[in-house]
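Here are some notes on the contact between the two chains, for a reader new to this structure. Please read them with the model open.

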Amino acid sequence: MSVELDVFVGNTTIMDQEVYQLWLSGYTVGDAVKVRMDGGVLDGCDASAEVLRSDTMDQFRTFQMCERLLHNPAKLANQLLFQIPPDRQAMLIDRYYAFDDAFVREVLGKKLSKGTKKDLDDVSSKTGILLKSCRRQFDNFKRVFKVVEELKGPLVENIRQHLLLSDRLARDYAAIVFFANHRFETGKKKLQYLTFQDFAFCAGELISHWTVGAMDNQLEDMDVDLDKEFLQDLKELKVLITDKDLLDQHKSLVCTALRSKTKVFAEMEASFKNLSRGLINIAAKLTNTKDVRDLFIDLVEKFIEPCRSDRWVTIDVNLYLTHYINSAHILDTFKHQAVWNSLWDELFKMLTDIQHVTVCFLVKMGMVASGASAAAEGTRATAASSEEPVPVHPTQFTTSISFSFRDMLNVGCRAWPHSG
Amino acid sequence: MPGKLKAKIVAGRHLPVMDRASDLTDAFVEVKFGNTTFKTDVFPKSLNPQWNSEWFKFEVDDEDLQDEPLQITVLDHDTYSANDAIGKVYIDIDPLLSSEAATVISGWFPIYDTIHGIRGEINVLVKVDLFNDLNRFRQSSCGVRFFCTTSIPLCYRAVVVHGFVEELVVNEDPEYQWIDRIRTPRASNEARQRLISLMSGELQRKIGLKVLEMGGNAVVGYLQCFDLEGESGLVVRAIGTACTLEKLSGGGATNNAQHTANSSPSKDMKEPVFGDECPSNPLSSGPSTPLRAPPFTSFSPSKSYSRQSSSSDTDISLTPKTGMGSGGSAGKEAGPLKILLRQQTQTALEQREFPFFTLTSFPQGFLLHVAGVVSARSVKLLDRIHNPALGSTRSYKLLDWSSCSADEPETRDAWWEELRQEIKSHARALGCHAVVGYSESTSICEEVCILSASGTAAVLNCRFLQDGCLDVLSEHRCDDSAPPGCGFCHVPYDELNMPFPAQLSPCCCCHRTKVPDVLFTTIDLPTDAQVTGKGCLIQARLCRLKKKSQGEGNATCISNLLPFLEYELHTQLLNKLKLCGMNALFGLCIQISVGENMLVGLASATGVYLSALPSPGGIQIAGKTPNDLTYDQHVSSIQRKINDTIVKNRELYEIHITEVAEDVIGSPIPEPRQRSRLFRSHSESSDELSELDLSHGKKDAFVLEIDDTDAVEDLHSLLTDAPTPPGFYSCNTEIMPGIYNWTSAIQMFTSVRVFRLNNANLTNLGLNKIFNELCENLLKSLYFKLRSMVPCCLCRLNFTVAVPEDELIQVAVTAVAMSFHKDQTQEANKAAQAHSQMKAIAETEEQLQFPLELNAESASPLSPKGSGPQDGSNSHGRAPSVDYSSFADRCSSWIEQLRLRAHTIRRGSIKTSSSPLPEGRSRSLRSTRSFPGSSVSVVKMTPLSFIPGAKIVKYLGIINMFFIRETTSLREEGGVSGFLHAFIAEVFAMVRAHVAALGGNAVVSYSMKECVFMENPNKNQAQCLINVSGDAVIFTRESDQEGHLPQTSHPQPTEDTPP
């Protein structure tokens, strides 16, 4: 005595969000029924577990049939098989493409290849996310990567349009694609304290200021590749550390500015040369793909860690960086007019402005977290430093970009509290 | 050469990858009609080809236009090997043949393959240029409209209802031809699909011819069925009701009045009509009908009755008398003319071969009296000797049934003819000259076939049946018909010549004539019926084991079992009805399915408490061994349980008998009359209460003896039925009495379950229990699934049972869940009723819109002279007091509803992509369909004939589709459930696509006629056949219409028109 066949099909496809989430999380029907039972779905209903099982089976089947369509969200809108109201469609897509921060943190920056996919069971056991769900998330990353790989124009916009994702998800996927493309190292122990949202913020900054798309009004090529020319130009910054005079002048300018403004002035003065060398070296090496990959780990090792060991807080870092840039600017106008032409001069002013915005923003965040431990503050500082090289870049800024940068910060501002 | 069909292939999308190397497809399209084929160019290397072809023109006979479908095949071009078929689209062009239906078919159709399912979509444009053919001897019947709806379609008026039409076409089943052994399953399935499409086209054409012969222009309640008789062939048969319909020019508030009238039985407003009449001729109705005051039946077990058919001659001689009698009941002094007309009707009906009507709800005044269900069954052996021409030696030619089986339909025709005769004589025996709510069905197992026919014996008003009558009678409309609220319950047969023993009692509404104590019918609840409380779904379920045998022996065995099965189903229904505290069943449908080793019976109906009928007695339990003390205790405990259940059910369905009395007070009827009636209803209700306690000794109490195993079984099935969970109601009729304010949220669904009985040694009892549980669990599952729609009502719950294999029972349910606003006070409710009633009246007045006051006035001039002006003024004086007595109450509830409506509108706007459009803009509807975001228009589907809160502005044609799906990779497709789930979803998708292409946005009267599922898990194979039908329509939202509503003094003019 057994039910051989049991189906329910509605003209408007019936979908329970809770069941959908269970399906997405990779539960089997049996486990999902258990979870639902424990969740008290049956309370107030005169229904048995059998009824619940039948309902769960039906919905799991529906989702399975929908999955094919979800792989190409544009199809979902004009397919005829399921009649799903548009708001539900959006929900289906968004939930399908949503991912666990714990999972993405494991995969971020890795090549989206078969090899990585094979290692997913390790990721699954490490994160406690079911393998099925891991596979879905991984395949999503890969799919989005493939879709936007060949496309021109702004990355976030492409993702939003071709996969019909929400703004937030599109931004996150842009970060994932960007990281996967450059294979930034994020898995090192020293980087473990950074969340995905921290990296996503960095990715956003890098995409808007360092990529080819950011240079040429987004027509030429896509956002994914870093601007080679720009990286090449960064080499010229080496003059700041190789020229002894310059280095000293720079230091004195910064120190003059910082004096009596911070408690850790002595440490700043002492470590100025080291820090400056560290930063400039990172910037100068970026033409090398290998060094691009190590960008974040280098930043932590060469800049963040020395700062932390000197017990700087976020405000100190910000102050330091602000004046570091400002002074470099003054240096240039005084000493190297031959090298820095007047256009660059203009740009530097712009940079300062932007740096200022960034710093203000970061200070604010630092204040919020001021009660927290030094380590927590360090988190903020890293985020700050990770985009620190941006201001040093002299070629790219126009007013419009500065505004877009502001916008970015605003968006980042919203995202920020989640990352902590 | 009277027609030119034009087709254009525009584009394709989402095509499957046919070339693995390039991951692309080189698609082209073949367009075929009759024997002519056109091809498009190959569109290379694309999954979204843009053919944009020229117009392919087919010049064809209109006969072919009706029979043939347009066949579109999408193929993948292959240079070296044969072209691969991607899939097909069959387009029925019948809707284009009527000037009033669709004008163009244009849209995306799913490309369907019987093995792979839907594989992409194709955009097609089809038009027809039709030249009029006035040849009387023509074989075509273009222009006759077909409706599945079993009532007069909402934007039409029935000028004449001509009557029953039937036709039957037989061919051999391609699945059983010798060639099937060598062709692919795909070719076989396609041959079958095409054949059935052709056959239904032919059938429709032939029926159309009959309709034209009768002078009609439409078929309403068109019911087409397939009998897959296996080796002996394939039968496609159809029945329907021929009508002359007239499009309502006003179009405005009419149909909304119709459906709101549907959903709200008239009470208060009708009262003055007969309230006026009553004092005038309290005696005339009595004495003038000496033969009247009749008996009752609810049910006629076929076998016992078929024996009587020989003696039915005497019954026939009785009928004219009863007919006159019933005429007298309503007729007054002005009688003679009416009686004459009545006799004309009588003879008109008499002359008709079968005075049957497939309609289940009727224009007001059409149905005079209802006697009860008549049904007949016969067991036939599908013998190959009947059609020797169908031997396996004949060469394969798809379309030559006309030559091969010329004599074959005769056999089947004769079988049905027999059955119909039987039904007719049953109806006569009940003193009725017509059968309404008529339907036919079959159940086939191997070579045994059970043919069933059932309907409701009734007496009809002549005015819709004859051409001339209408004009004369329209003036006398009101006095011609019996009191609307209770008239149809009055027994039409003669008390002295009762066909069988039954208890009659005076009508509780008008007290003038007799009514039966229980009424069973196959029709929908009449719109004007007075109902107390709400209704509920009542099901009787039964399984009977049967020995496996062959041929004649098997047939005999089945026919011996049948009467018992029917009797038990009937007893179960009656018990359950009493348990619910109700006294009438509507929409009764009894299915008996035959399997190799069992018979399964399922009777579904909607129980209601008709105010006119006496309150049902309790159920008394009696033991046979009264001396045993413990046994007595057992008996009394069961008794207590039953009594508790009855009380609980009354509470649940809001059957408060005392409330009837209040209603009576509230209704504008003359004072003295009211008093007496009030008194009576009080006395009745007290009777009612005492009956519950003292059910022993009451003559109408139902006695069950539980010594007998059958009774234990009955008891068991009685008490195991779980009540519907809170917030849910269910019925198998169009409307649920007591619920008026539907929201626009509807959800049509199909659910199928197959149950395997592993245990070979089952007893009848065990089998019953399993079957019962299967149905109960299915219902529970539905309630659980749809819990988000609460409060809601499952309407048109249509169960079909089948025994596909030895140990399998298959139950398929199609229904619609409709949510409604809960927080309506009784007052708002009543006001809504009065309001809709007014509209209903306005409707019968040929769509003149009357203010409320006018109605009361319009009633009084129509009443006979003796009625007294004081009564009229009295009713006048009272009506407003009813309206304003609880003004504040209603206002608050109104605000509440506005809030709710705002909410649902928000929800609704998401669901309906197309904004409401006025009539005649179907073309623009089509053009607005493609809007950014979602290019797919929403198509609603419902088994009901209306859409709540919406107005149907146009019927676009009938949807009648047949699909076969087969798989040889069952496991890979998710097992049987996955396979069927996908298939049903695909069928829905194809129905929606066809409707959208016709320019429609809904399917009404949708039903799944057939769902035959076969599996062979060992071979990893399964096959399923589904036949669906419905009416494609365009509807617009009510909000558009609100301006059209009559201005009244009501604070909530749109109370009964849910948003």
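**Notes on the interface between chain A and chain B**

1. Strand 1 of chain A (residues 2-10) pairs with strand 25 of chain B in the antiparallel sense, over 8 bridges. Two strands count as paired if DSSP finds at least two bridges between them; strands are DSSP runs (E, at least two residues) and helices are runs of H or I (at least four), numbered from the N terminus. In strand 25 of chain B, Val752(B) stands opposite Val7(A).

2. This is a predicted model, in which local features need pLDDT of at least 70 and side-chain atom pairs pLDDT 80 or more, while totals for chains, interfaces and linings use all residues. Residues are numbered from 1 along each chain as its sequence is written, chains are lettered from A in the order in which they are written, and side-chain values use heavy atoms, without hydrogens and water.

3. In contact (heavy atoms within 4.5 Å) are 56 residues of chain B and 40 residues of chain A. The two chains bury about 4200 Å² between them, 60% of it on carbon and sulfur atoms; buried area is the accessible area (1.4 Å probe) that two parts lose on being put together, summed over both. Phe784(B), Lys785(B) and His981(B) supply 20% of the area that chain B buries against chain A, more than any other three residues.

4. There are 5 salt bridges between chain B and chain A, counted where a side-chain nitrogen of Lys or Arg lies within 4 Å of a carboxyl oxygen of Asp or Glu. One of them joins the side chains of Arg756(B) and Glu4(A), at 2.8 Å from N to O.
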